[in-house]
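This briefing goes through a single protein chain, beginning with the fold as a whole and ending with individual residues. Please keep the sequence and the structure in view while reading.

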Amino acid sequence: MHQEIRGVVKEHYSTLFSTLYSRFRDIDLVEDGLQDTFEKALVKWQDDPPRDPAAWLYIVAKNRILDILKKNNRFTNLVLEEGKYDLNIEAMEEGRVLDEQFRLMCMCCHPSLAERVQVLLTLKLVAGLTTEEIAAALVMKPKTIGQTITRAKTKIKLAGIPFKTPDQSHLAERLVVIQKILYLLFNEGYHSNSEHSLYRIDLCKEAIRLSELLVSLHSDDIESEALLCLMLYQHSRSPARSTADGQPVLLKDQNRTLWNRKMIQRADAFINRIKVNIRNNRAGPYAFQAAIAAEHAHADTFENNNWHHICWLYSELFLLKPDPIILLAWLSAESYRSSPAHALELMERHRLEQHLKDYRWFYSSRGELYSKSGETNKAFADLEHALSLTRNPGERRFLERRLKELKK
């Protein structure tokens, strides 16, 4: 029961925080009020669950915050204008709630804050993750995260970082930052760095929810649509991505009948417009990644993918964003378009190992290419090195199994 209640609380956290912050403009005050409210919900909802959880949470949190202000003699004109600001979640217009959530994201992603701080604030205030959950997601110490967020909240207050949507001249820049953070949030869920879980479905779902919010508010921004489209295609594979004992299942080995076809259809609603932008040279990096994901989603088998087109998409993506991880994905696709030997040759030519020497998936990917090329000793060495860089138990079992298979 406690877990169900926590799930409901997490579902409404972003709406509650942004709505209450829009009124009281004090991060610590709102966090304290919400924390007290959530603890009360864990007790009261056991025997008497509310008909409308969001409304209950908002009213109780608002009253708790008012109690804190009264106790500390911190009434302001904003608080005293009770009639003007006595909001009820049930009566609020959806557009207003969405606008407030977007303003909260803009505040967390203000350019005066460092990128790492922007990520932590977004996870904490918008996604509603605890310090411990953020630590597990980003492989950081909870103490470090707590200190960083505390300093950031102080800076927001002292520097007067506004809770508002930027004007048109700065909006595009802020959208790029928000998109990047949502992309990082989704990737952390999709390829978790946690020692305990292979995937963080909760992070994937939250990234999708916030991306849907972004699209609903800025439907004319093609990269926001492309980001959501990419997430939906990727997340549709979740039911087929791991075995019962937590080992990852590679894309080529996944049972495609388990993929979530409704989610793929939701992504399909965006893909035609994205492809038009690619053809007209108006696409950004998320558009190319979404188009690649669409190729996988619509191929009847892994082998029957249009590898020539996928490689072309990767080449265009790499021109836009010359990242070694993108190059690794491109060359992995090249091994199916041409041959594993040719992909290995290109990896050597581009000195990919120097750029990805601490990246476990480089060694596991190259190890598989060596295995397909018949170079068993090199394959074994690479997979062993990948194993040494891997913390997740499911991934470790997968690599240990592959090493045993190579020994046979």
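The model is predicted, and the accessible surface of its protein chain comes to about 20,200 Å², with 51% of that area belonging to carbon and sulfur atoms. The protein chain has 21 helices and zero strands. Its radius of gyration is 24 Å, close to the 22 Å that the globule rule gives for 408 residues, so the chain is as compact as a globular protein of that length.

**Overall form**

- Taken along the principal axes, the box filled by the C-alpha atoms of the protein chain is roughly 75 × 45 × 40 Å.
- Of the 408 residues of the protein chain, 51% count as buried.
- Among the contacts in the protein chain with a separation of 6 or more, 65% are made by residues 24 or more positions apart.

**Nonpolar cores**

- The largest nonpolar core holds 105 residues, of which Phe 17, Leu 34, Leu 121, Tyr 233 and Ile 274 touch the most other members.
- Apart from that core lies another one, made up of 22 residues, including Leu 328, Leu 344, Leu 346 and Leu 383.
- When residues up to four places away in sequence are not counted, Ile 274 touches Ile 222, Glu 225, Ala 226, Cys 229, Ala 287 and Ala 290.

- Ile 222 is placed in helix α12, which covers residues 222-235.
- Ile 222 counts as buried because its relative accessibility is 13%, and the cut-off for buried is under 20%.
- Although Ile 222 and Ile 274 are 52 residues apart in sequence, their C-alpha atoms are 7.1 Å apart in space.
- Leaving aside neighbours within four places in sequence, Ile 222 is in contact with Arg 273 and Asn 277 as well as with Ile 274.

- Ser 371 has its place in helix α19, which is formed by residues 360-372.
- With a relative accessible area of 24%, Ser 371 is partly exposed, since that class lies between the limits of 20% and 50%.
- Once its neighbours within four places in sequence are left aside, the contacts of Ser 371 are with Ala 379, Arg 402 and Leu 406.

**Two arginines with positive phi**

- Arg 25 is not a glycine, yet it has a positive phi of about 50°.
- The loop in which Arg 25 lies runs between α1 (2-24) and α2 (27-44), and Arg 25 is partly exposed there, with a relative accessible area of 46%.
- Arg 351, likewise a residue other than glycine, has a positive phi near 50°.
- Arg 351 lies in the loop between α17 (340-349) and α18 (352-355), and with a relative accessible area of 54% it is exposed, because the cut-off for that class is over 50%.

Notes: Residues are numbered from 1 along each chain as its sequence is written. This is a predicted model: local features need pLDDT of at least 70, side-chain atom pairs count only at pLDDT 80 or more; totals for chains, interfaces and linings use all residues. Side-chain values use heavy atoms; hydrogens and water are left out. Helices (H or I, at least four residues) and strands (E, at least two) are DSSP runs, numbered from the N terminus. The radius of gyration is taken over C-alpha atoms; the globule rule is 2.2 Å times the number of residues to the power 0.38. Buried means under 20% relative accessible area, exposed over 50%, partly exposed in between (1.4 Å probe, protein chains only). Contact means heavy atoms within 4.5 Å. Accessible areas come from the Shrake-Rupley method with a 1.4 Å probe; for residues, only the protein chains shown count as cover. A nonpolar core is a set of buried Ala, Val, Leu, Ile, Met, Phe, Trp, Tyr and Cys residues joined through side-chain atoms within 4.5 Å.
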